[in-house]
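Visitor: I have a model open and would like to learn how to read it. Could we take the features one at a time?

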Amino acid sequence: MNRSGVAIGLMAVAAGALAQQPAATQTPPAPMPAPADVQIETVNLAPGIYMLVGRGGNVGLTVGVDGAAIIDDQFADMAPKIRAAVAMLSDRPVKFVINTHLHGDHTGGNDAFGQSGAVIIAQENVRKRLGTPQVNPSTNAPIEPRARAALPVVTFADSATLHFNDDDLEFTHLPNAHTETDIVVRFRKANVVHMGDTFTGGFPFIDGNTGGTLDGYIRAHETVLPTVDDDTRIIRGHGPLGNKAELQAYHDMLVTVRDRVARLVKAGKTQEQVLEARPTKEFEEKYGGANFNAAQWLGRAYIDQKAALEKRRRK
Ligand SMILES: [Zn+2]
């Protein structure tokens, strides 16, 4: 990461977003009001393709002959700002909204865009979960189903393609990764990828309450890595624009930590002892910071590795 003013601005925004991430759920969004000074930053990635950075998950945007489509839509109160940022680049309304997964900091604007006629597209588990009562993983508070207008109307199990603005947007399900609802979106011609929260600037948040697992998170990277090259621009769910080398390093870090946790579990250590052993030690400076939620994701890793070990022993 260079230390230019722009990059620092992006990092500051990203750090704020990451700090909120562990509490993110499919809640009707905006548990806290957006600070009045949150501005959308627009980053051009390829002709007609942009990353919008505001409050919540990073948004992908394509504008062109067919109109505008966005990937994720942050919190509900950001919808007018996203709309204004799109209007700077296109005189047409948002035609499609693609959700990378169900969390409220990525789907909060669905109500607003759905009401104004956008077609919402997502993996089928997004619709299933947003449309039924859920439990907040942090507080155990019940969560009401989202409004009808906020639900995806086009869903798929494994993959789908949207032919739009002379490119092919390929959607691929990444099972049981950050959640059970994640997809990667790939602009085949422009060589741009949006990975939602299966790739962030800090340690991951793994939402076990909605089917997330560390093994699946690592498998998600193994699905995406062969489809990208050194020129691919990779949008992280939170954090600055990424590339293949950074995704590879993130993947390798998670494999190292996962293997350490697995060894500790096999040696009979408790969850507390695993945390005390600091299996993330040399990675904390790079991936820790504001988002150092070791107890959250290592706790999830511990539970997953313990279950996997017990399964192997039963065989
Ligand atoms: Zn998320």
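Visitor: In which strand does Arg186 lie?

Guide: Helices (H or I, at least four residues) and strands (E, at least two) are DSSP runs, numbered from the N terminus. Arg186 lies in strand β12, residues 183-187. Before going on: this is a predicted model, where local features need pLDDT of at least 70 and side-chain atom pairs count only at pLDDT 80 or more, while totals for chains, interfaces and linings use all residues. Residues are numbered from 1 along each chain as its sequence is written, and side-chain values use heavy atoms, with hydrogens and water left out.

Visitor: Is Arg186 buried, exposed or partly exposed?

Guide: Buried means under 20% relative accessible area, exposed over 50%, and partly exposed in between (1.4 Å probe, protein chains only). Arg186 has a relative accessibility of 24%, so it counts as partly exposed.

Visitor: Which residues is Arg186 in contact with, leaving aside its neighbours within four places in sequence?

Guide: Contact means heavy atoms within 4.5 Å. By that rule Arg186 is in contact with Asp168, Leu169, Glu170, Val192, Val193 and Thr227. A C-alpha distance is another way to look at it: Arg186 and Val228 are 42 residues apart in sequence and 9.2 Å apart in space.

Visitor: What do the totals for the protein chain look like?

Guide: The chain has ten helices and 14 strands. Of its 315 residues, 53% count as buried. Among contacts between residues at least 6 apart in sequence, 66% join residues at least 24 apart.

Visitor: Which residues coordinate the zinc ion?

Guide: Donors are N, O and S atoms within 2.8 Å of the metal (3.2 Å for Na, K and Ca); water is not among the atoms, so sites may look incomplete. Here the zinc ion is coordinated by His101 (NE2), His103 (ND1), His178 (NE2) and Asp197 (OD), at 2.2 Å. The donor residues follow the spacing H-x1-H-x74-H-x18-D in sequence. Both His101 and His103 are buried.

Visitor: Why is the arrangement around the zinc ion irregular?

Guide: Four donors count as tetrahedral if all angles lie between 85 and 135 degrees; four count as square planar and six as octahedral if opposite donors are over 155 degrees apart and all others between 65 and 115; anything else is irregular. The four donor atoms subtend angles of 85 to 168° around the zinc ion, which makes the arrangement irregular.

Visitor: What does His106 touch, not counting residues up to four places away in sequence?

Guide: His106 lies in helix α3, residues 104-107, and counts as buried at 0% relative accessibility. Among the residues that His106 touches are His101 and Asp197, as well as Gly57, Asp72, Asp73 and His238.

Visitor: At what angle do the axes of α6 and α7 cross?

Guide: Axes are lines fitted to C-alpha atoms, for helices over the stretch in contact, and angles run from 0 to 180 degrees between N-to-C directions. Helix α6 (residues 214-224) and helix α7 (residues 244-266) have axes that come within 10 Å and cross at roughly 150°. The contact includes Leu214, Tyr217 and Ile218 of α6 and Leu247, Tyr250 and Leu254 of α7. Angles under 35 degrees count as roughly parallel, over 145 as roughly antiparallel, 65 to 115 as roughly perpendicular and the rest as oblique. α6 and α7 are therefore roughly antiparallel to each other.

Visitor: How does α7 pack with α10?

Guide: α7 and helix α10 (residues 294-314) pack at an angle of about 55°, with their axes 9 Å apart. That makes α7 oblique to α10. The contact involves, among others, Met253, Val257 and Val261 of α7 and Trp297, Leu298 and Leu309 of α10.

Visitor: Where is Asp166, and what is its phi near?

Guide: Most residues other than glycine have a negative phi. Asp166 has a positive value, near 60°. Asp166 is in the loop between β10 (159-164) and β11 (167-173), and is exposed, with a relative accessible area of 62%. Arg278 also has a positive phi, near 45°. Arg278 is placed in the loop between α8 (271-276) and α9 (284-287), and counts as partly exposed at 39% relative accessibility.
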